[in-house]
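Please read this briefing alongside the sequence and the 3D model. The points are grouped by topic.

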Amino acid sequence: MKNTATGPAESAETASQYDAGAEMHDPELYHHHSVAEPVDGLDSITDADLARYREEGYLAVENAFTPEETRDGLDGLIHLIMGGNPEFKGVVFEAKARDALPSLGPDDRQDAVRKLMHFVDYDARLKALSHHSKLLRVLESMLGEPPILFQDMALLKPPHVGREKPWHQDHAYFNFPIETRVVGVWIALDDATVDNGCMRVLAGRHREGPVVHFKRRDWQICDTEVAGKSGVVAVPLKPGGLLFFDGLLPHGTPHNNSPKRRRALQFHYHNQSAEKWSAKERMAIFGSEGKDVQC
Ligand SMILES: O=C(O)CCC(=O)C(=O)O
């Protein structure tokens, strides 16, 4: 089966411009048992919320950004999709839309996009969100050191066709020693709902450490490791809401079966004193080769 590599791994690799896709998943994989309870606003995060983040591996925040800031982020993304900055080459389209692309108008064009990679240096509005002072302040509390942005991407889920991002741990894509503190920030630009593919997380499972990943519908945790597991939390968010999540927290998003778009930004930060690993060192932990495991 093909690894469509739709995750953060491509920060270290060359992003192809077309994503070949993968087969449909079992809907049961994303069946949730509870719904996240967000705090209201980045300024209102308390020490108790930070303790909850460490315990559960995630923290949802509604109204993290103002409607204007959120709209700016969306405008920045659409500007890049429409070729507004010719130097930007990080749009990855669905391979099946390839032939139709030249004739598509703005709406249809954005609905042919799987994701964007490495865009913050190509649009000031997106950079401003990734370096928002309120966001950086919370990240510093979580990381214990100044945060360093090392990865930016946006996974879009167009109506009806937006594909799954299978269950995975983001750390399995990053060449950092396993003890490196990594925080992912997932920002809703649309209403992200259970139906259009909001985030699902396995609460508290970051504390169990790294899980072996396999090349299946993507670079992912084996379906049998997740199917029927308790503790699946759905994280619906309004536009401008965000999810903080630990680099070792298993998470994933289902296919968008709804008529509504689900566009989101995703930034990753590590602590300032983080060291680097080689891909070989990473794979010795997260890869399946040589380990007595099957998927
Ligand atoms: O935005 C999504 O649907 C999931 C993104 C994600 O988990 C990732 O790319 O690591």
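G197 touches K157, G162, T253, P254, H255, N256 and R262, leaving aside residues up to four places away in sequence; a contact means that two C-beta atoms, placed from the backbone, lie within 7 Å. The model is predicted: local features need pLDDT of at least 70, side-chain atom pairs count only at pLDDT 80 or more, and totals for chains, interfaces and linings use all residues. Residues are numbered from 1 along each chain as its sequence is written.

**Around G197**
- G197 sits in the loop between strand 9 and strand 10 (199-202); helices (H or I, at least four residues) and strands (E, at least two) are DSSP runs, numbered from the N terminus.
- With 27 other C-beta atoms within 10 Å, G197 is buried; the cut-offs are 20 or more other C-beta atoms within 10 Å of its own for a buried residue, 12 or fewer for an exposed one, and partly exposed in between, with C-beta atoms placed from the backbone.
- From G197 to K276 the separation is 79 residues in sequence and 33 Å in space, C-alpha to C-alpha.

**Whole protein**
- The mean pLDDT is 92, and 95% of the residues reach 70 or more; pLDDT is the predictor's confidence in each residue, from 0 to 100.
- Over residues 1-16 the pLDDT is below 50, and this stretch has 43 contacts in the model beyond near neighbours in sequence.
- There are 7 helices and 16 strands in the protein.
- The C-alpha trace spans about 50 × 45 × 35 Å along its principal axes.
- Of the 295 residues, 44% are buried.
- Among contacts with a separation of 6 or more, 85% are between residues 24 or more positions apart.

- Strand 6 (residues 113-117) and strand 7 (residues 147-157) run antiparallel and are joined by 3 bridges.
- Across this pairing, L116 stands opposite A154, and M117 stands opposite M153.
- Strand 7 also pairs with strand 16, in the antiparallel sense and over 10 bridges; here L155 stands opposite A264.
- Strand 7 is mostly covered, with 8 of its 11 residues buried.

- Strand 2 pairs with strand 13 (residues 232-235) in the parallel sense over 2 bridges, and V35 has A234 as its bridge partner.

- The buried residues in helix 5 (residues 133-143) are L135, V138, L139, M142 and L143.
- Seen down the axis of helix 5, these residues fall within an arc of 130 degrees, so they line one face of the helix; the arc is that of the directions from the helix axis to the C-beta atoms.
- An α-helix has 3.6 residues a turn, so residues three or four places apart point the same way.
- The cover over the buried residues of helix 5 includes helix 1, strand 7, strand 9 (182-188), strand 14 and strand 16 (262-271).

**Positive phi values**
- G144, which follows helix 5, has a positive phi near 75 degrees.
- H118, a residue other than glycine, has a positive phi near 55 degrees.
- H118 is in the loop between strand 6 and helix 4 (124-130) and is partly exposed, with 15 C-beta neighbours inside 10 Å.
- H160, also a residue other than glycine, has a positive phi near 70 degrees.
- H160 is in the loop between strand 7 and strand 8 and is partly exposed, with 13 other C-beta atoms within 10 Å.

Terms used:
Two strands pair if DSSP finds at least two bridges between them.
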